[in-house]
Structure formats: C-alpha cells, structure tokens
Amino acid sequence: MSSLALKRDVASGDSADDSLSPTSTVIDGPIGKKIKVFDLNVVQNNKKTNFPKVLHDPSSKQGWENLDDLEKISVDAGKAIEEFRNYENSARQSIVQVHYTEMRKNQTVAKVDYFYKKYHTFNKCEMTVWEGFEALKGYVDSSDPDSDLPNLEHMLQTAEGIRAAGYPDWMQLVGLLHDMGKIMYLWGNEEDGQIGRADFPQWALGGDTWIVGVPIPKTAVFPQLNLLNPDKNIPMYQGKCGMYSSKCGLENLKFAYGHDEYMYRMLLHNKTLIPKEGLAMIRYHSCYPLHKENEYKELLAPGDEELLQWVREFNQFDLYTKADKRPDVISLWPYYQNLIDKYLPGTLKW
Ligand code: FE
Ligand code: FE
C-alpha cells in the first residue's frame, strides 16, 4: 500500500489568534505565518532537568532502574512490554503485572459505558493543542519522571519518525497527538484508575487494551489474568462475537477505556479533518490483540483490515522511535503548529 495513495488535500485552516497571554511569545512559522508559543520558559527550564536520557534504548537498562517500583506501575505498560521484552528483569515483570491485574479486574462493558458518559460530553475545558500539552506536563509517565514535558517529547519523536519516513502530513500530526488523551487524568480520580501520578496505577489511561463484551483472547498480554475479568460470567458476552453481531465493523466495537478512545472521540467532537486512517491509528493503537495478533476477525467489516494496516504502519513509529536524542521542542513546534492549523485548528473542547 502506498502511503501517498491516501494523502488528502485539505484546505489550510486559519487560527490566527492575537490574544497573547503574558507568558506566550510569537515566532515565525514555516510558511511566513506567525505562531504563538506559550511558556518558553517552561521548555527552557525543562532542558536543565536531570533525568534518565536513554530509557527507551533496549540495549541499556539505564533509566528503568532509576524508577522506583511505584513509578514503574505508572508506565505506559503496553509500550514497556514491547520495548523491554528482551530483558530478563523479573522486578519489571511483577510491576507491570500489577497494572494489568487492575485493568482486568476493572475494565468491563459497564465500566466502559460509565467512562463514555463521563468523558464524552467535552465540556471539561477549552484549550488549544499547545495548551493541552502544557496541561499534560503534570502527568508522570514512563520515561522521564522528572521531566516537565515527557509526553510531548515522546509524541514529537513519533511524529518526527513518521515525517522522516515520508508519510503524509496528517499521519505526522497523528504521531504528535496520539497519546494526548492521557490528559483525561486532569478530570480523573483514583477510583477510576485515571490519576496521572507515578504512585497510583493508571488502569484506565494506558496499557494494552482489548475489546469488551466478547471473551478476552489468550493472545492478550498476561492471559492468565483474563479470569479476573467480571464480564467472563455474563452469558451475552460469551461466544465468538459476544454482544456484537458478526462483521459489525470496528466502529461499532467498544474497547477497554483509555487515552486512545478519549482522544478519538475528542477529535470527532471537534470536527477534525484528519482522515479516517489517522483516526484509526489513534483509536486502535493500544489494542494489540486486534492489530498485532489478528484476533476478532469475525467482527471486522469490509474496509477494516485496510484501516488496521495503517495502524500497524503507525505503531512501528510509536514503539521504535527511541529516546536516544531529545527532540528540540522550540525549533520543531512551528512545523507542527502549521499541521494543527490545517487539521485541528483553534481552541478545542475537551
Ligand atoms: Fe498510547
Ligand atoms: Fe505512544
């Protein structure tokens, strides 16, 4: 499949905004456009922070060992599994298992419906993408527990990998946005597994997901934990298709709740111009049984397999754009602001 085959020409939006906050500044964009950037001081201060530099290099254990046990629980565990799977590190194994134990015990059809109600109103706050990144900086994630903008850096690395490989601009933007749904932690609580803190499990923010309302496949990570899922006792969720009809299609399925689903719904609500292939990358990127293990075949409708091909293309950049070199946020941002203006302009509802 040619990546260019799906390239879309979308008219550039114009989100010029003259109202600058006291901590914002204006810089030149790549096409002569003025771009507003907030809080350069935050970014600059961030550069002085000491933190594990090559955590994502699988040949080095540096970084991971600097996290304490509770910090490791907060890791984007699906990603950690992929990146550290060559390690024989039993400590990590048990810690990631805590995350997935909580996930299996709590992620049910009823709980997913509850999250839909709670999060899909999009009346929590209004902000631009950059302001969203600013808000995300309080979220403590896997790689840089002492860093101010670790998620922005991971997302920029993913985007830069996609850009360097020559994929379309909307896919580059997807790289930038793909984990942004973790911003839910701002409105979450401990009970809901959505505290974005290193000392609490985050069972409804990150980690490998699965489709709820149908038996969890044995190819899911930690299959021995499948027994803990309360939905296994509900007859209508059993059998090949569970609560779905055969070939009902990806868009009609419900997934264990987390940053993927939230961001997908948020983008739809804000009428993004990112094409459906890009939206699929965001919604399905954590569902490894679906895109990696080829489960749930009986639920797919015509066209779904093509979408999953795009998700697989995307995932190599999510996983393998290693953090051996930190992206320069200031110099890269104008390029991405231009893509934001094109596909997701202005102030957004979250
Ligand atoms: Fe993710
Ligand atoms: Fe990611």
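Trainee: Why is α9 called largely enclosed by the rest of the structure?
Mentor: Because eight of the 11 residues of α9 are buried. A residue is buried if 20 or more other C-beta atoms, placed from the backbone, lie within 10 Å of its own. Helices are DSSP runs (H or I, at least four residues), numbered from the N terminus. The model is predicted: local features need pLDDT of at least 70, side-chain atom pairs count only at pLDDT 80 or more, and totals for chains, interfaces and linings use all residues. Residues are numbered from 1 along each chain as its sequence is written, while chains are lettered from A and ligands numbered from 1 in the order in which they are written.
Trainee: Which helices cover the buried residues of α9?
Mentor: The cover includes α5 (109-119), α8 and α10.
Trainee: What makes α9 and α10 roughly antiparallel?
Mentor: The two helices pack at an angle of about 150°, with their axes 7 Å apart. Angles over 145 degrees count as roughly antiparallel, therefore α9 and α10 qualify. Their contact (C-beta atoms within 7 Å) is made by Asp260, Glu261, Met263, Tyr264 and Leu267 of α9 and Leu279, Ile282, Arg283 and Tyr284 of α10.
Trainee: How many residues of α10 are buried?
Mentor: Eight of the nine residues in α10 (residues 276-284) are buried, and the helix is mostly covered. Its buried residues pack against α8 (169-177), α9 (259-269), α11 (288-291) and α12 (304-320).
Trainee: With which residues is Val174 in contact, leaving aside neighbours within four places in sequence?
Mentor: Val174 then contacts Ile274, Gly278, Met281, Ile282 and Phe314.

Technical notes: Contact = placed C-beta atoms within 7 Å. Buried ≥ 20, exposed ≤ 12 C-beta atoms within 10 Å, placed from the backbone. Axes fitted to C-alpha atoms, helices over the stretch in contact; angles between N-to-C directions. Parallel < 35°, antiparallel > 145°, perpendicular 65-115°, else oblique.
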